Amino acid sequence: MLSGKVSVVTGASRGIGKAVALKLASLGSAVAVVYHGNSDKAEETVREITEKYSVKAISYKADVSSYEETKELARKIKEDFTRIDILVNNAGIVKDGLIAMMSEESFSSVIDTNLKGTFNMIRHTVPMMLRQKEGRIVNISSVSAIIGNPGQANYSASKAGIIGLTKSAAKELAAKNITVNAVAPGFIRTDMTENIGEDNPLVQMIPLKRFGKADEVADAVAFLATSSYITGEVLKVDGGIAM
Ligand code: NAD
């Protein structure tokens with residue numbers, strides 16, 4: 001389905017990003033595995049992709065919050081793969097805290113990684129998609145953007161910003177056959193949620209009564225990455241918590 005295509009996935013060394021990278025590879029896409037800190041884990045993702053699916057995969061270290069680093073990243077990926085068909089902006093961080101006590105650093109760093117990082121990656125990869133007259137962009141938002149969450153003013157704002165960015169970019173790029181969509185996960189079992197136990201009262205608020213799995217988010221990302229007539233959409237993968 002995606003053979004001959006090239007996907008770029010940020011934060012692909014673990015969690016949802018890794019599941020997305022593997023899913024797109026399983027559909028035949030080559031994958032640029034972008035990571036920030038853990039090169040061993042990124043290499044593990046690359047190895048799993050190449051061994052299981054026999055497609056090309058290369059890892060790249062980059063901080064998505066840096067305009068210059070992401071510019072250089074896009075250049076290197078172009079050099080290695082010659083094209084970019086699918087961009088999945090998955091890299092993200094949380095620095096939770098009550099707003100009355102939140103530091104400026106906690107606010108700015110979450111906005112810089114989650115929101116500006118998504119802009120940076122789109123900014124530097126879209127010129128290639130424009131030349132190709134085709135592209136698929138999927139941004140990972142959160143239900144926290146839609147319904148808010150106490151202790152997550154910074155995170156909710158960053159993820160709500162991603163929804164606005166998604167819709168503006170979708171309108172701007174539609175004429176060039178580039179679709180831009182977002183996925184809004186609820187509670188997904190990854191390193192990011194390791195401190196929330198299954199006995200947490202939050203779980204009882206989820207209609208499906210369980211955390212989601214990274215693979216379940218990856219399925220939604222792959223759906224949007226292979227759809228040709230959906231753009232500007234926000235697809236919740238949340239067990240019903242935000243309906
Ligand atoms: P995770 O912490 O396991 O993964 C986040 C990834 O982003 C890591 O690989 C990390 O290295 C990378 N990253 C962080 N800062 C970066 C930077 N500056 N540059 C490049 N990469 C960077 O968490 P996850 O649960 O897999 O989260 C993936 C995405 O899904 C995030 O955007 C997160 O906000 C979103 N999300 C997660 C949940 C959940 O319940 N787990 C819910 C809603 C949204």
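Guide: Happy to! A pocket here is an open set of grid points where a 1.4 Å probe fits, with protein on both sides within 12 Å along at least five of seven lines, and a molecule sits in one if more than half of its atoms lie within 2 Å of its grid points. In this predicted model, the largest pocket is the space that the ligand takes up. Two elements each give two or more residues to the shell around the ligand: α1 (15-26) and α6 (153-173).

Let's walk around that shell. The ligand is surrounded by 27 residues, and Arg14, Asp63, Asn90, Tyr155 and Thr190 are the closest. Sorted by class, the shell holds twelve polar, eleven nonpolar and four charged residues.

The backbone takes part as well. Isoleucine 16 has a backbone N or O atom 2.8 Å from a ligand oxygen, and a polar backbone atom of glycine 92 lies 3.4 Å from an oxygen atom of the ligand. At alanine 62, a backbone N or O atom is 3.5 Å from a ligand nitrogen. As for cover, the ligand taken alone exposes 820 Å², and the protein buries 94% of that.

Stepping back, the protein chain has eight helices and seven strands. Its radius of gyration is 17 Å, close to the 18 Å that the globule rule gives for 243 residues, so the chain is as compact as a globular protein of that length. The C-alpha trace spans about 45 × 35 × 35 Å along its principal axes.

Notes:
Residues are numbered from 1 along each chain as its sequence is written. This is a predicted model: local features need pLDDT of at least 70, side-chain atom pairs count only at pLDDT 80 or more; totals for chains, interfaces and linings use all residues. Side-chain values use heavy atoms; hydrogens and water are left out. A residue is near a molecule or strand if one of its heavy atoms lies within 4 Å of it. A polar contact is a pair of N or O atoms within 3.5 Å; within protein, one must be able to donate a hydrogen and the other to accept it, and residues adjacent in sequence count only if both atoms are side-chain atoms. Accessible areas come from the Shrake-Rupley method with a 1.4 Å probe; for residues, only the protein chains shown count as cover. On a 1 Å grid over the protein atoms alone, a cavity is a set of points where a 1.4 Å probe fits but cannot get out, and a pocket is an open set with protein on both sides within 12 Å along at least five of seven lines; lining residues have an atom within 4 Å of a point. Helices (H or I, at least four residues) and strands (E, at least two) are DSSP runs, numbered from the N terminus. Ala, Val, Leu, Ile, Met, Phe, Trp, Tyr, Cys and Pro count as nonpolar, Asp, Glu, Lys and Arg as charged, and the others, Gly among them, as polar. The radius of gyration is taken over C-alpha atoms; the globule rule is 2.2 Å times the number of residues to the power 0.38.
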